Amino acid sequence: MRIVVTGGAGFLGSRLIEALLGAKTSPDSIVCLDRVECPVKDARIESMIGSIDDEKAIAAALGEGADRVYHLAAVLSGQSEEEFDTGLHINVDATRLLLEGCRALKTAPRFIYTSSLAVFGGPMPEVVPETLARLPQSSYGVGKAIGELLVGEYSRKGFVDGMVCRLPTITVRPGKPNSAASSFVSGIIREPMNGEESACPVPLDTRLWISSPDIVIANLVHAGEIDTGALGLNRVLDMPGITVTAGEMLLSLEKIGGRDARDRVALTNEQRIIDIVCSWPGAFDVSRATSLGFVADSDFDAIVRQYKAALMAS
Ligand SMILES: NC(=O)c1ccc[n+]([C@@H]2O[C@H](COP(=O)([O-])OP(=O)(O)OC[C@H]3O[C@@H](n4cnc5c(N)ncnc54)[C@H](O)[C@@H]3O)[C@@H](O)[C@H]2O)c1
């Protein structure tokens, strides 16, 4: 089995590749198509440096016939908002180009697309049902909404066997802050636990729909293995998550990291971030995903403990 992972050098992509290498249907080869070198090293990995807006790079990555494609490469929310043309070009035009590359294979590979809760916005019920219309309030959300529709349409036509995994916001993400508007969702735990100052740019009662990296990766591997016949007409699945407020996250930080860690987080109000993040839903009805075997974290304390344990072990 040949698996292609676009954006495979990124935070989720590199973890996904590691997990796929150890999965029960272990692949013969994994192609990582990214603008930078794949950090995971294994004889089965082929690291291709290139862009997903390059038809030749796509053809080389798909080769004679990829069985499964994970499309993770994207311009994230903060950059998409500031660089309108770049965001839509990579998130929409290049996604279509990749789908066209898959179509040309004529084997309808499994195509797993990582979408986001940013496809929603405007007035929303407390718990978002599967049937809620998309109303994105950011360029990133618009790009993801169009990507979702394209995956659905290419699946309807039988060009790919598509599945859209709408991911919660992932925390705690190790490393440095990134260009996502939601970067603080990791930053308010990671930085203070590392002894550094951090800022919470949204009101404390802001509800966030989140997942740990481990759970998201387990769900993406599962997405490659399930029978898509169970999805019916709707190829989009809201991935399970848990709801926490920014204030509850800081309480967990204090409980597990101590008062000093909590005191390192300043409360700031940043309108640019509030406008994007506060337009996102805080909870979803994920009964369909759950019935298909997708899983969620138990609670936020467990996620912070997981991060603390990893920090102590490093
Ligand atoms: N992390 C989250 O909280 C979250 C939540 C919802 C959805 N997602 C989605 O999951 C996917 C992965 O997110 P991540 O957090 O790992 O992001 P990331 O920025 O860590 O990784 C993205 C990778 O894509 C690569 N890339 C960007 N443009 C490219 C291009 N033109 N050609 C080839 N490679 C390119 C980057 O070099 C990077 O390695 C994205 O599609 C993102 O929208 C992430």
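Biologist: Which residues in α8 meet α12, and which residues in α12 do they meet?

Modeller: Please keep in mind that this is a predicted model. On the α8 side they are Glu-248, Met-249, Ser-252, Leu-253, Lys-255, Ile-256 and Gly-257. Their partners in α12 are Phe-300, Asp-301, Val-304, Arg-305 and Lys-308.

Biologist: How do the residues of that contact of α8 with α12 divide by class?

Modeller: Five are nonpolar, two are polar and five are charged.

Biologist: At what angle do α8 and α12 pack?

Modeller: The angle is about 45 degrees, and the axes are 9 Å apart. Because of that angle, α8 is oblique to α12. The crossing of these two helices is right-handed.

Biologist: Now α6 and α8: at roughly what angle do their axes cross?

Modeller: The axes of α6, residues 184–193, and α8, residues 246–257, cross at roughly 20 degrees and come within 10 Å. The two helices are therefore roughly parallel, since angles under 35 degrees count as such. Their crossing is right-handed.

Biologist: Which residues meet there, between α6 and α8?

Modeller: Ile-188, Ile-189, Pro-192 and Met-193 of α6 meet Met-249, Leu-250, Leu-253 and Gly-257 of α8. By class, this contact has seven nonpolar residues, one polar and no charged.

Biologist: Let us turn to the ligand. How many residues surround it, and which are the closest?

Modeller: The ligand is surrounded by 25 residues, and the closest are Gly-7, Gly-10, Phe-11, Leu-12 and Ala-74.

Biologist: Which element gives the largest share of that shell?

Modeller: Helix α1 does, with three residues. The elements that each supply at least two residues are α1 (11–21), β2 (29–34), β5 (110–116) and β7 (169–170).

Biologist: And how many residues of the shell are nonpolar, polar or charged?

Modeller: The shell around the ligand has 13 nonpolar residues, nine polar ones and three charged ones.

Biologist: A word on the backbone. Where is the cis peptide bond?

Modeller: Thr-171 and Val-172 are joined by a cis peptide bond, with omega at about 10 degrees. Val-172 is placed in the loop between β7 and α6.

Biologist: What about the phi of Lys-106, positive or negative?

Modeller: Lys-106 has a positive phi, about 65 degrees, although this residue is not a glycine. Lys-106 belongs to the loop between α4 (84–105) and β5.

Biologist: Finally, the whole chain. How many helices and strands does its secondary structure have?

Modeller: There are twelve helices and twelve strands.

Terms used:
Residues are numbered from 1 along each chain as its sequence is written. This is a predicted model: local features need pLDDT of at least 70, side-chain atom pairs count only at pLDDT 80 or more; totals for chains, interfaces and linings use all residues. A residue is near a molecule or strand if its C-beta atom, placed from the backbone, lies within 6 Å of it. Helices (H or I, at least four residues) and strands (E, at least two) are DSSP runs, numbered from the N terminus. Ala, Val, Leu, Ile, Met, Phe, Trp, Tyr, Cys and Pro count as nonpolar, Asp, Glu, Lys and Arg as charged, and the others, Gly among them, as polar. Axes are lines fitted to C-alpha atoms, for helices over the stretch in contact, and angles run from 0 to 180 degrees between N-to-C directions. Angles under 35 degrees count as roughly parallel, over 145 as roughly antiparallel, 65 to 115 as roughly perpendicular and the rest as oblique. A crossing is left-handed if the near helix is turned anticlockwise from the far one by less than a right angle, and right-handed if clockwise. Two residues are in contact if their C-beta atoms, placed from the backbone, lie within 7 Å.
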